[in-house]
Amino acid sequence: MKRLLFTFAFILLFCSTAQARTLTDDSGRTITFDKPFTRIISLYGAHTENLFSLGLDEQIIGVSTGEDYPAAALAKPAFNARDGVEKFLAAKPDLILVRPMHMRAYAGLWAALARHGVTVVSLQPDSIEAMFGYWRTLGALTGRQMKAEYMVEDFRDGVRRAEDRLSTIPVEERPGVFFESIHSKTATFSPGSMPLFVLEKAGGVNVAADARPRHGTNIAEYGLERLLNKGSAIDVYLAQRGTMNDVTAKDIVGSPAASRIKAVLTRNVFLVDEHLVSRPTLRLLEGIDTVYQLLHP
């Protein structure tokens, strides 16, 4: 019943705004379109994953190299921003989804494609609320607005379940956690970032709440001295592992003065797939469950 009422309310809203076909992407560019895009190349794994969540398997005609989720993405042709204009044009895309960093680094490529009528959109949310807007933007671009709203609703329901689960664990009994983002820089995450949202909803207390962002990113360099000063409060040492942080538990345990960190002495050092904690997808809910199991075995 809840979803039926939600659907009806959304239809009324959408019917009154169906002609609105202008949006601003995360590079500050205004995008105008008069119909959903149907031949899409995604050059970021999160874009790809979310497009599949929106039910757009047939509309995805290309993905970035090295994609591994969902399995259906492996069957799609692979593209790279270093590919020439001709390769992209040969696929006849009407939309290419990138991130702001790619927009800046390969401006000439996107300009050339735009001259051939290909729309390029740059998106990358940096918070949970921004993620909801990002899903809605993908829905608007592809004519899947209602499905995007369902994604938002499902995510919020999942978060509520996680919060209900935590209601039985008093705050004072929740473990102190240092959440590593980049091992070589002794870095953690910025306040408001997705990994720290995951940590909070999994029942961990961020011991590096005084960290500040670096260059406007979600990464916050913390430094070895500050980390060691918090050593006795770190019940669990958690590190994202993946392309951004190719680290092992052995690397962490063998770090300088690591023996001054309580979690190292108690063997509570864990790695978690960065795709489950750093990507703006529904799998953040899986990340919350994964981290919860590590913190509350």
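# Salt bridges, helix packing and backbone angles

Reader: Let's start with Asp289: how exposed is it, as a relative accessible area?
Author: Asp289 is partly exposed, with a relative accessible area of 38%; on this scale buried means under 20%, exposed means over 50%, and partly exposed lies in between, using a 1.4 Å probe and protein chains only. The model is a predicted one, in which local features need pLDDT of at least 70 and side-chain atom pairs count only at pLDDT 80 or more, while totals for chains, interfaces and linings use all residues. Residues are numbered from 1 along each chain as its sequence is written, and side-chain values use heavy atoms, with hydrogens and water left out.

Reader: Which side chain does Asp289 meet in a salt bridge?
Author: Asp289 pairs with Arg165, with an N to O distance of 3.0 Å, where a salt bridge is a side-chain nitrogen of Lys or Arg within 4 Å of a carboxyl oxygen of Asp or Glu. Asp289 lies in helix 13 and Arg165 in helix 7 (residues 145-166), so the pair links distant parts of the chain, 124 residues apart. Helices here are DSSP runs of H or I with at least four residues, strands are runs of E with at least two, and both are numbered from the N terminus. Arg165 is partly exposed too, at a relative accessible area of 25%.

Reader: How many salt bridges does a search of the whole structure find?
Author: The search finds 14. Among them, Asp235 bridges to Lys262 with the closest N and O atoms 2.8 Å apart. Asp235 sits in the loop between helix 9 and strand 12, Lys262 sits in helix 11 (residues 262-265), and the two are 27 residues apart. Asp235 counts as partly exposed at 22% relative accessibility, and Lys262 is partly exposed at 37%.

Reader: Which residues do salt bridges with shared partners join into one network?
Author: Glu49, Arg279 and Arg283 are joined in that way.

Reader: And Glu49, is it buried or exposed?
Author: Glu49 counts as buried, at 4% relative accessibility, and it is found in helix 2 (residues 45-53). Leaving aside residues up to four places away in sequence, Glu49 touches Tyr69, Pro70, Arg279, Thr281 and Arg283, where contact means heavy atoms within 4.5 Å.

Reader: What kind of peptide bond joins Tyr69 and Pro70?
Author: The bond is cis, with omega at about -10°, and Pro70 itself is placed in the loop between strand 4 (60-64) and strand 5 (78-79). As background, most peptide bonds are trans, and most residues other than glycine have a negative phi.

Reader: Where is Lys92 found, and what is its phi?
Author: Lys92 has a positive phi near 55°, and it is found in the loop between helix 3 (85-90) and strand 6 (95-98). Lys92 is exposed, with a relative accessible area of 62%.

Reader: What about Thr186, buried or exposed?
Author: Thr186 is buried, with a relative accessible area of 18%. Its phi is also positive, at about 45°, although Thr186 is not a glycine, and its place is the loop between strand 8 (176-180) and strand 9 (187-189).

Reader: Switching to packing, at what angle do helix 8 and helix 13 pack?
Author: Helix 8 (residues 194-201) and helix 13 (residues 284-295) pack at about 50°, with their axes 8 Å apart; the axes are lines fitted to C-alpha atoms over the stretch in contact, and angles run from 0 to 180 degrees between N-to-C directions. That makes helix 8 oblique to helix 13, because angles under 35 degrees count as roughly parallel, over 145 as roughly antiparallel, 65 to 115 as roughly perpendicular and the rest as oblique.

Reader: Which residues make that contact?
Author: Helix 8 contributes Met194, Phe197, Val198, Leu199 and Lys201, and helix 13 contributes Leu284, Gly287, Ile288, Val291 and Leu295. By class there are eight nonpolar, one polar and one charged residues, where Ala, Val, Leu, Ile, Met, Phe, Trp, Tyr, Cys and Pro count as nonpolar, Asp, Glu, Lys and Arg as charged, and the others, Gly among them, as polar.

Reader: How do helix 7 and helix 8 cross?
Author: Their axes come within 9 Å and cross at roughly 45°, and helix 7 and helix 8 are therefore oblique to each other. Phe155, Val159, Ala162, Glu163 and Leu166 in helix 7 meet Phe197, Glu200 and Lys201 in helix 8, a contact that divides into five nonpolar, no polar and three charged residues.
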